Amino acid sequence: MDEMESICFQIISNAGTARSLLIEALQEAREGNFDEVENKMSEANKYFSEAHKIHGKLIQKEAQGEPVPFSLLFMHAEDQLMSTETIRHLTKELLFMYKRL
Amino acid sequence: MNILLVCSAGMSTSLLVTKMEKAAKEQGKEYKIWAVAEADAPKHIPNADVVLIGPQMRFWKSEAEKLAKPYGVAVDVISTVDYGMNDGPKVLRFAEKLANNKK
């Protein structure tokens, strides 16, 4: 597997796990298990940071003048990362609502 | 053995399928391995022996188990690390173990 493919897969895998954990947090909130919600959220943050760290390295690489090869897979990886970011913000807001109910 | 992989869109998982098929072929195993999106999964589950879920769909596991139970199909989630490494041989072993545990 070439390096870029490996980087893409690491982003997809970490961002994807984070996204699943965010949805699991919402499912726990639905049942009123707020301790478990906190666990899921902190785990989600861990995976999300990891995905961002890997992505950040690529941005630095490009900023230093090293070209980053483009592919559909890389676009997919960035797509996963951004959708997780959106879901993360919305999950936080939804959790405020669940706690008020 | 029939191995079904499920993820949200079926895109990255289809690359993992290629790696798993290669690993199976090298080991002289005739497996059917394919990937589908979650929305299409219900009609594919009856044809599978095991269902592997991408880590991005882990929250879907309990629903998948409900769908798979009537057909005696085993379900589990691929680990974030193995998925991230796109490790075909390791995920293939995981599928075989899952199938053996079921028996």
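**Exercise 1. Strand pairing in chain B**

Which residue in S2(B) is the bridge partner of B:Val6?

Solution. The model is predicted. Start with the pair asked for: B:Val6 bridges to B:Val36 in S2(B). Next, look for another pair along these strands. B:Leu4 sits opposite B:Trp34 of S2(B). Then count the bridges. S1(B), residues 2–7, is joined to S2(B) by six of them. The two strands run parallel.

**Exercise 2. Buried or exposed?**

Decide whether S1(B) is largely enclosed, and classify B:Arg93.

Solution. Take the strand first. Five of the six residues of S1(B) are buried, so the rest of the structure largely encloses this strand.

Now take the arginine. B:Arg93 belongs to helix H5 of chain B, residues 88–102. Its C-beta atom has 15 C-beta neighbours inside 10 Å. A buried residue needs 20 or more, and an exposed one has 12 or fewer. B:Arg93 therefore counts as partly exposed. For a distance check, compare B:Arg93 with B:Pro46. They are 47 residues apart along the chain, and their C-alpha atoms are separated by 21 Å.

**Exercise 3. The fold of chain A**

Describe chain A by its elements, its box and its contacts.

Solution. Count elements first: chain A has three helices and zero strands. From the N terminus on, that reads α-α-α. The C-alpha atoms fill a box of roughly 50 × 25 × 20 Å along the principal axes. Burial comes next. Chain A has 101 residues, and 34% of them count as buried. Finish with the contacts. Among those between residues at least 6 apart in sequence, 76% join residues at least 24 apart.

**Exercise 4. A helix pair in chain A**

How do H2(A) and H3(A) pack?

Solution. Two packed helices are described by the angle between their axes and the distance between the axes. For H2 (residues 34–63) and H3 (residues 72–100) of chain A, the angle is about 160 degrees and the axes lie 11 Å apart. Angles over 145 count as roughly antiparallel, so H2(A) is roughly antiparallel to H3(A). The crossing is left-handed.

Now list the residues. H2(A) contributes A:Phe34, A:Val37, A:Phe48, A:Ala51 and A:His55. H3(A) contributes A:Leu81, A:Thr84, A:Arg88, A:Leu95 and A:Lys99. By class, the contact residues divide into six nonpolar, two polar and two charged.

**Exercise 5. Where the chains meet**

How many residues does each chain give to the contact, and which elements of chain B take part with two or more?

Solution. Chain B gives 13 residues and chain A gives 15 residues. On the chain B side, helix H1 (11–26) and helix H4 (80–84) each give two or more. H4(B) supplies the largest share, three residues. By class, this side of chain B has six nonpolar, six polar and one charged residues.

Definitions and conventions:
Residues are numbered from 1 along each chain as its sequence is written. Chains are lettered from A and ligands numbered from 1 in the order in which they are written. This is a predicted model: local features need pLDDT of at least 70, side-chain atom pairs count only at pLDDT 80 or more; totals for chains, interfaces and linings use all residues. Two residues are in contact if their C-beta atoms, placed from the backbone, lie within 7 Å. Helices (H or I, at least four residues) and strands (E, at least two) are DSSP runs, numbered from the N terminus. Ala, Val, Leu, Ile, Met, Phe, Trp, Tyr, Cys and Pro count as nonpolar, Asp, Glu, Lys and Arg as charged, and the others, Gly among them, as polar. Axes are lines fitted to C-alpha atoms, for helices over the stretch in contact, and angles run from 0 to 180 degrees between N-to-C directions. Angles under 35 degrees count as roughly parallel, over 145 as roughly antiparallel, 65 to 115 as roughly perpendicular and the rest as oblique. A crossing is left-handed if the near helix is turned anticlockwise from the far one by less than a right angle, and right-handed if clockwise. Two strands pair if DSSP finds at least two bridges between them.
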